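Open the model in your viewer and keep the selection panel at hand.

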Amino acid sequence: MSLYPQSQAYSQAPYPAHGYGQPVPPPAAYHYPPPPVQPVFHVDPSIFRRDYMTRLNELTINSRPVIQSLSMIAQDFTRYAEIVVQCIETHIRRVPAWMKLPAFYLLDAISKNVYDPYARYFTPVVVQLFLETYEQVDQDTRRKMEEMLLTWRTGAPNGRELFGVVPQVAIERQIWSGDQTTASSSRHPSTSTGISAGQVLSELDFVLGQRERALQSNSYDKTAQNHVAVLQQLRKLVQAGVSQPELSQILNQLRALAPPAAVSSQPSPPPAAIPSYSQPPFAAPVPAAYPGPADHVTHPAQVQSPQSPYPSTFDGLKHEPVELPALTSQTLPTPTAAPAASAAPPLVVNNITNLYNALLKAGVVSASATPTGAGATAKAEEATENVDPARAAAREHRKKVLSQKVKLTSTDINKQRSEIVHFLYQRLPTQCKQCGIRFPEGSTAKKNMEDHMDMHFRQNRKAGQAVGRGHSRSWFVSVEDWTHDGAIDGKGKGRANGSRLVTSSAAQAAETAQREAELRAMFVVVPPGDEAKSISCPICKEPLKSEFMEDDEEWVWQNAVRKDDKIYHATCHAEALASKTSLAVRLRNEVSSRSRSLTPERRMRTTPPRVAIPLDGGAKVPGSPSGSPARSSTKRKAEDDETSGERTPPTKKLAAEPA
Amino acid sequence: MSGRQHAEEPQSEAASAGARSREWVLEPETEYRFELDPGTSLIIKLVCGHAEIFGAELAEGKPYAFGSECKGAVYTWQGCTLEVIGQPSTEYISEETPMSAYANVHMALERMRVRALRVVHGSPPSSNEESESDGDPMPPRVLVLGPENSGKTTVCKILTNYAVRMGQGWSPMFVNVDPSEGGWAMPGAISAASLDSPIQSSSPASTLGSTATSAPMHISSNSLVPITYWYGHAETRRNPLLLDRLIRNLGENVAERLDNDAEGRASGIIIDTPSSFAASSAANDHRQTLIKACVDAFGINVILVVGHEKLNVEMQRAYGNRITVVKIPKSGGVVELDAGYRERVRKYQMHNYMYGEVIEAPAGLGAGYLQAGEQTPDLTHRLAPSSSQVAFGDLTIYRIGEETMAPTSALPIGAARVVSEMQPLLVDPGQPGSALYNAVLALLAPPNPDESERYDEEVLDLPVIGFLVVTQLDIPNRRMTILTPSQGSLTGRTAIMGSLEWQE
Ligand SMILES: [Zn+2]
Ligand SMILES: [Zn+2]
């Protein structure tokens, strides 16, 4: 009798020995009626601990199957996550130095693939464990640990630090700067002082490894060729010795360059990493860091499969194999038959350009000659012309879509295999855990994702507050509003390929954050005698928080403004104001367009002229109580509305003025 | 993760409370299909892997609730494990799905979108862009035709959902010209709305998402703002001429909106149609006219025929020279629906419009489940309509071209009992046999305030801003009680009645 009776899901898994997964008949016959309720098995925790420890001891070399098997068990027994974490920690501490790295790869695999709760449980111990191990191992192993550490920067499903910022920074600071004074809470702390050439080289190799792989997968990829050439130059430059400021500059550039690529080379968030179990589970989605012994490239092996979490699925079934270049195209320059000019996403090229400029400045390359390979200079120049990442993203998408040769014919529809999974899942690695909506990579998308999460938060807050007030179905809008909604909406909602969001989303985000902070810092002094009084904001109905200001020896309401003898949350008031402003902008547009002449053919049609619908004033803006149209509630934010006024007003063809 | 643990211990909380909890392991490219009996509900949780319901991806670990005789399918491209709680009347896993074909259709439509957007952006063609004969790439404007129970609506949903999931900010226009379905509005209506997030599925009361309410929603397809026209009947044959006109009105508005939104225009249009469009019979010769109305009104350039060879041939013959006509396979999961079921779904839709709908989770499960992707359905999905009394004269009510019930006094002078199909006839609530009691009325947008712009049949061309139900008729006092979705004065307004009746 097997110790851990397997669910049928793993019945085909190739675990012949160890009594792990008794061959159960494959789940082929899944037709009606359904299989009976799965029986429940209880495994005693102490037996589990003993068994897991025993298995861990088999992890003497960097063996993928053993790591996979141990990951699977961890995944199946998340209720014993603490035991798993303890076992691995104990194991790493007590085995000889040469056995530690494989165990770290296991830690890495479980944390990335299963993520919760493992990453959480490893967090308290990972810094000490990493640093202790790093002390004890040889140079070669250290290099591999550094590579792994780099992948942790973006190893969490949301693209953030796998174990959080603090542990990440703590480890990086220790192993690279060795300088305790550089302590900083920023995400990339060591950009100011105390950067060692070793650290830069390590990160350089990481990026270089990625680009080299891109090149391997498509040797005609001119952009990758250039990247590799430039990076190699840069490597020589650093090895030869450069100044602190230069190191810092290079490091900054590298980091600007690395994250997107690093994210893509990670297995996607946990769901992605757990594909079908029809094939040997974990055949593909092994996390980034298992350089096989024969792997001569400095960078952790990522090419064979982890780029795509699903290749086993594809191989094993009737799918055509997914081509690697296709999978890497989102982050790495797209291999294409097109001349290199249009190949690279400008964002990336831009960074390379900066790197290149750094090289220029350092005198390693000259502007006239191009020692880094033909075309590098030309490319750099071209790249700076296309600065609109949204257009670039749309172009990338177009290329990728057009490379799918599916025609609208019966034959194609029924015979072809499109890379639909790539389009629907893999290319959009970030997923909202609340509603399942996915986002592409990149800073714009990150901003969108943050807005999106913010929306969930707000809507939940609003839903909770509205208890008892009662909701009702809104009246539909007038034709006027409806036909012009698209245009307004197109601005307000932030299309992924619209130009609004991307002009400078980072700057915009910073601005928003600053504005929010400023608003929150506003206060109203509580009138003497009213300290005990509880007042609430007329907009959100939540009480205003009062606080005693030590310096001024006064009670104040925080995040508050007084308007017309009412006290509002400063944030609520600003939001209401913003939406009012946007409404005003919209009305202004309408008025101005109404003065235009009528188009005769429009007047001929059967549909009569439109009028606004004042059904007790409620019809104009349906939806949420805040007054913003409900339909765009998932995306629209106050600051978006403000920008909408700057755009071309919608052209209007109608001129019916309501009484 | 709690989901798995829970599934491994079904005997504990859920089972003891009477709910059945099981895990289903789905191979890649298979789907779990289920059907619910009236009054039952189901919870589905994605334990691991990836899965989608009619093209809308599920979030992992979230319990999704289904109710109101929902017939659904959870499809997986990559394989997944589902936890299912509740007692469907039917459930099984199918390996035969048309999803690969639908994905190909989507990719082909996506080609059209990206090429159309390129023109909007004024970008030069890529080198891998074959030069095609038509110089001006058009966005996909797709008419989906098919017989009853062929899964047309599902096809439309999947194609729409895949479009919005491309991460390109597409906002395809979803048009429903099937009055028996009602879309987001009410049975008897045809409407259009622009979608920018996947349409969720939880109940046939809101198959295509929901229109906006005053409640905050997380998913924008649950607070849609449609443009709606009122046909008033479930069957297209009842007044094809009227339907024809309304389809053209709808097309006009959609065209105007897309004129104002070049990028939205590139997203394309997807149109769901009544099954009568596919049923050739002597009694149904209006269907060609109505198909033509759609083709003209929306500038259709793709016709998808779901699993119907004869219709495919017919469409090829009629439109093949200028429109791409493709037959696509029908899903084996589509269930034969009887008249009784359709009748009940209409009732669910009407109730959902006024009262909202909160799916009660299977016994023993607390709150904390998602309904159509919304996190707190108990707070946001319960709606409170208003009921108010109005004098007969306050609200002007018409019926369109229905001679059957109209008393002679309502007829135009000199007219016999033959009435034009497009004739608006005033309904007198005081007359016995007005059939107003329990009738569903469409409240129209106000007519043009400029008298010189008015015309006889104007009420045919006014869109709907809401639906009303006459819940009481007090003929002696010439007053009636009217149920409205929200508050608002009806005085001086115009409403149209059809043949649809409110059902308690
Ligand atoms: Zn979300
Ligand atoms: Zn407030």
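Which arrangement do the four donor atoms around the zinc ion (ligand 2) make, and what angles do they subtend? Bear in mind that this is a predicted model. Select the zinc ion (ligand 2) together with Cys537(A), Cys540(A), His569(A) and Cys572(A), which coordinate the zinc through SG, SG, ND1 and SG respectively, at 2.1 to 2.4 Å. The angles subtended by the four donor atoms run from 93 to 118 degrees, so the arrangement is tetrahedral; the criterion requires all angles to lie between 85 and 135 degrees. For reference, the ideal angle for four tetrahedral donors is 109.5 degrees.

Along the sequence, the donor residues follow the spacing C-x2-C-x28-H-x2-C. Cys540(A) is in the loop between β3 (523-525) and β4 (546-549) of chain A, while Cys572(A) is in helix α22 (residues 570-594) of chain A, so this pair ties together parts 32 residues apart in sequence. Cys540(A) and Cys572(A) are both buried.

Next, go to chain B and show the strands as cartoon. Five of them form an open sheet with mixed pairing, in the order β1-β8-β3-β6-β17. At the edges are β1 (21-26) and β17 (370-371) of chain B, each pairing on one side only. Zoom in on β6 (residues 63-66) of chain B: two bridges join this strand to β17(B), and the two run parallel. Here Tyr64(B) stands opposite Leu370(B) of β17(B).

Return to chain A and select Ser71(A), in helix α2 (residues 64-76) of that chain. Is Ser71(A) buried or exposed? Its relative accessible area is 1%, so Ser71(A) is buried. Draw a distance from the side chain of Ser71(A) to the backbone oxygen of Ile67(A); the value is 2.8 Å.

The remaining stops concern rings. Over all chains, a search of the whole structure finds 18 aromatic pairs. One of them is Tyr353(B) with Phe467(B), an edge-to-face pair with 5.3 Å centre to centre and 85 degrees between the planes. Tyr353(B) belongs to helix α9 (residues 339-355) and Phe467(B) to strand β22 (residues 464-474) of chain B, so the pair links distant parts of the chain, 114 residues apart. Both residues, Tyr353(B) and Phe467(B), are buried.

In chain A, select Phe104(A), Phe130(A), Tyr134(A), Trp152(A) and Phe163(A), which ring pairs link into a cluster. Finish with Arg165(B), which lies over the face of Tyr425(A) at 5.0 Å from the ring centre.

Terms used:
Residues are numbered from 1 along each chain as its sequence is written. Chains are lettered from A and ligands numbered from 1 in the order in which they are written. This is a predicted model: local features need pLDDT of at least 70, side-chain atom pairs count only at pLDDT 80 or more; totals for chains, interfaces and linings use all residues. Side-chain values use heavy atoms; hydrogens and water are left out. Donors are N, O and S atoms within 2.8 Å of the metal (3.2 Å for Na, K and Ca); water is not among the atoms, so sites may look incomplete. Four donors count as tetrahedral if all angles lie between 85 and 135 degrees; four count as square planar and six as octahedral if opposite donors are over 155 degrees apart and all others between 65 and 115; anything else is irregular. Helices (H or I, at least four residues) and strands (E, at least two) are DSSP runs, numbered from the N terminus. Buried means under 20% relative accessible area, exposed over 50%, partly exposed in between (1.4 Å probe, protein chains only). Two strands pair if DSSP finds at least two bridges between them. A polar contact is a pair of N or O atoms within 3.5 Å; within protein, one must be able to donate a hydrogen and the other to accept it, and residues adjacent in sequence count only if both atoms are side-chain atoms. Rings of Phe, Tyr and Trp (its six-membered ring) pair if their centres lie within 6.5 Å; planes under 30 degrees apart count as stacked, over 60 as edge-to-face and the rest as tilted. A charge sits over a ring if NZ of Lys or CZ of Arg is within 6 Å of the ring centre and within 35 degrees of the ring normal.
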